[in-house]
Amino acid sequence: MLMKSHTAPARTRQRRATSIGPSNWLLAPALAFFAVFALIPLLGVAVLSFMHWDGLGTPSFAGLANWQQTFSNPVTLNAMWLTFAMTVLCYLTQAPISILIGVFMAGEQKYRSVYSVLYFLPLLFSAAAVGIAFKALLDPNFGLSKAFNVALLSQDWLGSTNLVFYVLIFVISWCFVPFHSLLYQAAVKQIPTSMNEAAMLDGAGRVRTFFSVTLPQIKYTVITSSTLMVVGSLTYFDLVFVMTNGGPGNATRILPLDMYLTGFRSYQMGPASAIAVILVVVGLVVSLLLNKFSGTDKMESQQEGA
Amino acid sequence: MKLQAKSGYAPNIPGSLAATFWLLVTIVPIYYIVVTSLKPRQEYFGSNPLAWPRELSFEAYGRVLKNDFALYFFNSALVTVVSVGVVLIISLLASYVIVRNRGAFAKFSHRLFLLGIAIPIQATIIPVYYMIVKMGLYDSLLALILPSIAFAIPISVLILTNFLRDVPSSLYEAMTLDGASHWQMFRLLVLPLSKPAIMAVGIYNALQVWNSFLFPLVLTQSSQVRVLPLSLWTYQGEFAVDIPAVLAAVVLSCVPILAAYIVGRRQLVAGLTAGISK
């Protein structure tokens, strides 16, 4: 209706403006960077998984040799198993603690906001810093063992094949629980108080309210946070590299570390690329499945949980 | 009845105890880092690791600062500032086009960026290494900056487009009627309105780049271009018997983030969680 008052040229200018919008050229810088340093490497890693390459010379075609080697190498197969076990155990440790701490932080009490400030502190440290600090703290001679004269705490935490895996799961949880509890805190704060009040008036206890009101209300955050935890567990490289470098033996040689050591320490870039392809595929499948399951088609960042 | 509803349940004793236990688990390692960094070397070997230092000593910090810490700090800062600066500019331009230009090409680009979110960075490290070597950039700061920019684009575009979509199109239309060009709309409308999102994306990416470990580990070698997280790792090798110094370096490395936490807690938290907010 308004259009009628416009002169003809103004009208065409306006229509052109809204239908064409800003020039596609403005996309060029982002596309160029992304294509060169992310898409091409993504294709490159698939190509390299079919090549022999020592990291220095010219890659040569290898056929399926790398893939055969990867799937018959007991170290890599063990790494797959360790990654799977670590993902499951880290999830089972982190998820309940994060939810409970998140619910706790969402409480109104004054002391809880003081706690929240302190809970945040691990997020100040990089994974490398956390790894180095815990390596010192867990030193059998000068660390925890010496702090308390308790036999239970006097262990060679990182040197024992039986313990080291669980120690890493603890350190990973220490690192990432603060982030996930922040997510849950925000989610719980959005639950209308009237719902809790209603549950309470109906005589529901604290536990019952948690399972019947709180948990269903934060279900989308549970899905998001779970996605990040599961996909993020494919990227626990820094921490494990710094703390154990896969040892003792191969007790903590998880898949990303196996890729790094195969490629950049044994100079077998072909098999290392095959491992990388496995990581990409698993990462994609897991995030797609979890997104299907959650009913959203938004893909979440997986760098976040790392 | 009303009063009861307001005051809620009786104090949650088991909950508070469990929360306090987790608080100790969180705090003790950090306390250990700080007190150890304040001990003289001899005291580290002799004393209880969790005891407060008999006398506060900043010697360990002195030893770290003498060991080129400032250079590594500067390298990290340079890589972070340049990467984040470039990412913000190009991602904002791209997001503006994606939201305002409904052409097929813009849509296709958007899909492509979204795909990038699911790529685990470290899985592409071998070809990235190959390319960086071929480009003659190995062992330079640029070798860290270029891939960091590329891998920050997807998440930045995702957040910025989600944010820009909420700008009512009536505002664009009003500016169009006033005869504003696309560039003017970008400068006068998009830029000021998306400030909170830019802030969050900036902080998120800055943390990612500042803490990044694998790229520097694989793409650099000499101490001239060493960045902080990598320097912590090499300190650990060089100062194997000087744990106070190693932990002093750990403390120093998180000073900028601590500063950000104190100055703008809200923004930092928004930035941290930017990767998953809507």
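**Where the chains meet**

Modeller: Within chain A, of the contacts with a separation of 6 or more, 68% are between residues 24 or more positions apart, where a contact means that two C-beta atoms, placed from the backbone, lie within 7 Å. This is a predicted model, in which local features need a pLDDT of at least 70 and side-chain atom pairs count only at 80 or more, while totals for chains, interfaces and linings use all residues. Residues are numbered from 1 along each chain as its sequence is written, with chains lettered from A and ligands numbered from 1 in the order in which they are written.

Turning to the meeting place, 79 residues of chain A are in contact with 81 residues of chain B. On the side of chain A that touches chain B, helix H2 (residues 28–48) of chain A gives the most, with 13 residues; a helix here is a DSSP run of H or I, at least four residues long, numbered from the N terminus. That side of chain A divides into 57 nonpolar, 16 polar and six charged residues, where Ala, Val, Leu, Ile, Met, Phe, Trp, Tyr, Cys and Pro count as nonpolar, Asp, Glu, Lys and Arg as charged, and the others, Gly among them, as polar.

Chain B averages a pLDDT of 86, pLDDT being the predictor's confidence in each residue, from 0 to 100. Over residues 1–7 of chain B, however, the pLDDT is below 50, and this stretch has three contacts beyond near neighbours in sequence. Where pLDDT is low, the predicted coordinates should not be read in detail.

Notes:
Helices (H or I, at least four residues) and strands (E, at least two) are DSSP runs, numbered from the N terminus.
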